[in-house]
Amino acid sequence: MTKTPAYIFALCLAFPLVTSAQDQIPDKASVHAKVGKIKFSPYAGRNFPTKVLWGDTHLHTKISVDAGTMCTVGQEDAYRFARGEEITTTHGLRAKLSRPLDWLVISDHAEMYGLMPQLLAGDPGILATEKGKRWYDMLQTGDPDKTFAAAMEIVAALAQPDPPFKSDAIVKNAWNAYTALADRYNEPGRFSAIIGFEYTTMGGNNLHRNVLFRGDASQADKMLPFSQFDSQNPEDLWVALAKYKADTGHELLAIPHNGNLSNGRMFSVNKFESDTPYDKELAELRASLEPIHEVTQIKGDSEAHPMLSPNDEFADYETWDKSNLNGTEAKKPGMIQHEYTREALKNGLALEKKLGVNPFKVGMIGSTDAHTALAAVEEENFFGKHSGVEPEPHRWEHVVIEAPDPNFTVKGWQQAASGYAAVWAKENTRAAIFDAMMRKETYATTGPRMTVRFFGGWEFDEADINTRLPADAGYAKGVPMGGDLRKAPDGAKAPNFLVAAMKDPLSGNLDRVQIVKGRLDADGKTHEKVYDVAWSGDRKPGADGKLPPVGDTVDVKNATWSNSIGTPELITVWSDPDFDPAQSAFYYTRVIEIPTPRWTAYEALRFGVEMSKEVPMTTQERAYTSPIWYTP
């Protein structure tokens, strides 16, 4: 059979059929010239981020002093696990992710970095000290209670102004070994091993930051991890990071986390060492170095609090609000307004009006803060906070954080199986991921890998959601999450937003998409409102404006659910009905899943245990995008 040349098929699209003997078939060159002017492939020529890359900015291994008392899994196995390989846990369990991550930051504590392997090896210099010998003896007993007691002593030592041992050489050697390992596991296009460490200060009052480097070991080695033994003042950390940038020309950033456990200090509007209000210089320094905030993780969710957002029925999610991190100071109502991200975003609008700079103009990510070396937070694959207790029948009631006041002690069941960081990038490289964080084109999830797009502009319309390529319209007509709305065109009355969400194929269907708005009025007061903008099914808001619940298909006994409710995807264009062009504002998207089994339900099923009635058995997983800001 004679085959027709491929270019003849193109002829049918560009030219009429031959109708007479006099009609001439165009030559091949003219056909290609005409077809070449048509944009056939909608993906050709794209120059915007098309990849959502999943990772964790906050993972500890046995190198961290607190983790190393109970965890035997090292940094190399942490990389292998994140890349999708199966490893063996501290207690001998087989562990593997459902899907590999795209990138990882091993953020072992700066304080006495790398000391724990030396202590466990019986380093003579360490054993010559009273504390070193006592800790070594406790850890060698094999008694879980003594091991836990040693861990708590060591954590307490990290809160002191001075280190228990002189460890400069140990820190340098361990840091250089880690950065070299990160370079070895970094594979552009497949997996990004981003270099970082955690600065842990103020003990129980949790002003912790993860510091991330944009470059490789040759750049990161120009700075040893800055610890609370250098300074307990986070403002000194910012000064040190700014000096590194100025001296080397290299980039880094810091990510605060667990404002919910800072007892009013994480987003205070005053300077660290006094009641002096923020000034412009300090606001600029913070804003330049802390573009994003870790809003959800194992130690609770920091997006919103029911006391601050009483009209938000989804604000009380995995809430830890009784005390500070170690239970040494009770939580007081006045503290909460300076702990949660939504309130910080609102306070940032007020500070910007006063100072001309917004120090709390932050995007959102999630991460784990696991001290197991396992970045595993799916509900059915959750390995918890630390290796002292891995999955076992009584993990749910085991003490995770022991407080002087038993009312503030944290039990295993209170841990949240959360979260992951999603970034929109053009490629999987350290630089592309870092740059996405700097421009705040990021979002947080509590574990599921749902895909979320969020754009703000003035000219979106229904046609933009029917093309099935929302990002094309989003970047052409507006700005993505993390951006600032462009100047309104003539005649525009209110901004509108293009939002699209698609479920994680391994998780629950979507219940709804919400847009959270914060604004600053003419009197300098802040306000917020949560709008349901797209939802599943044929539900209608009630007289109170609230959308009815989506329902619940969870079979707790068997830890299963049905995706017979909800929807795989939601997409809409929404215009702000309450817009005032004279008021500064921010908008971010929150995506809510249908109810699914919480990790405690899986645990009860696997081990055949009955947990107390206070233990939640279901959850509604969610995502939080970085905001988009409007400035008059």
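In helix H9, the residues Ile170, Val171, Ala174, Trp175, Tyr178, Thr179, Leu181, Ala182 and Tyr185 are buried, where buried means under 20% relative accessible area, exposed over 50% and partly exposed in between, with a 1.4 Å probe and protein chains only. Seen down the axis of H9, these buried residues fall within an arc of 160°, so they line one face of the helix; the arc is that of the directions from the helix axis to the C-beta atoms. This is a predicted model, in which local features need pLDDT of at least 70 and side-chain atom pairs count only at pLDDT 80 or more, while totals for chains, interfaces and linings use all residues. Residues are numbered from 1 along each chain as its sequence is written, and side-chain values use heavy atoms, with hydrogens and water left out.

**Helices**

- Helix H9 (residues 168–185) has 18 residues and reaches 26 Å from its first C-alpha to its last, close to the 26 Å expected at 1.5 Å a residue, the expected span being 1.5 Å times one less than the number of residues.
- The face of H9 turned away from its buried side carries the exposed residues Ala169, Asn173 and Arg184.
- In helix H17 (residues 470–477), the buried residues are Pro470, Ala471, Ala473, Gly474 and Tyr475; helices (H or I, at least four residues) and strands (E, at least two) are DSSP runs, numbered from the N terminus.
- These buried residues of H17 pack against strand E15 (451–457), helix H16 (463–466), strand E16 (478–480), strand E17 (496–502) and strand E20 (569–575), with contact meaning heavy atoms within 4.5 Å.

**Strands and sheet**

- Four strands form an open sheet in the order E16-E15-E17-E20, with antiparallel pairing; two strands pair if DSSP finds at least two bridges between them.
- The edge strands of this sheet are E16 and E20, each of which pairs on one side only.
- Within the sheet, E15 and E17 pair in the antiparallel sense over seven bridges, and Phe455 stands opposite Leu498 in E17.
- Elsewhere, strand E6 (residues 209–213) and strand E7 pair in the antiparallel sense over five bridges, and the bridge partner of Val211 in E7 is Ala254.
- Five of the five residues of E7 (residues 252–256) are buried, so this strand is largely enclosed by the rest of the structure.
- Leu252, Ala254 and Pro256 point one way from E7, while Leu253 and Ile255 point the other way, and all are buried.

**Salt bridges**

- A search of the whole structure finds 44 salt bridges, each defined as a side-chain nitrogen of Lys or Arg within 4 Å of a carboxyl oxygen of Asp or Glu.
- Asp472 and Arg46 meet through their side chains in a salt bridge (2.9 Å, N to O).
- Asp472 lies in helix H17 and Arg46 in the loop between helix H2 (28–36) and strand E1 (51–59), so the pair ties together parts that are 426 residues apart in sequence.
- Asp472 counts as partly exposed at 24% relative accessibility, and Arg46 likewise counts as partly exposed, at 28%.
- Arg99 forms a salt bridge with Glu378, with the closest N and O atoms 3.2 Å apart.
- Arg99 lies in the loop between strand E3 (94–95) and strand E4 (103–106) and Glu378 in the loop between strand E10 (363–366) and strand E11 (399–401), so this pair ties together parts that are 279 residues apart in sequence.
- Glu378 is buried, with a relative accessible area of 10%.
- Arg99 also meets Asp504 in a salt bridge between their side chains (2.9 Å, N to O), and both of these residues are buried.
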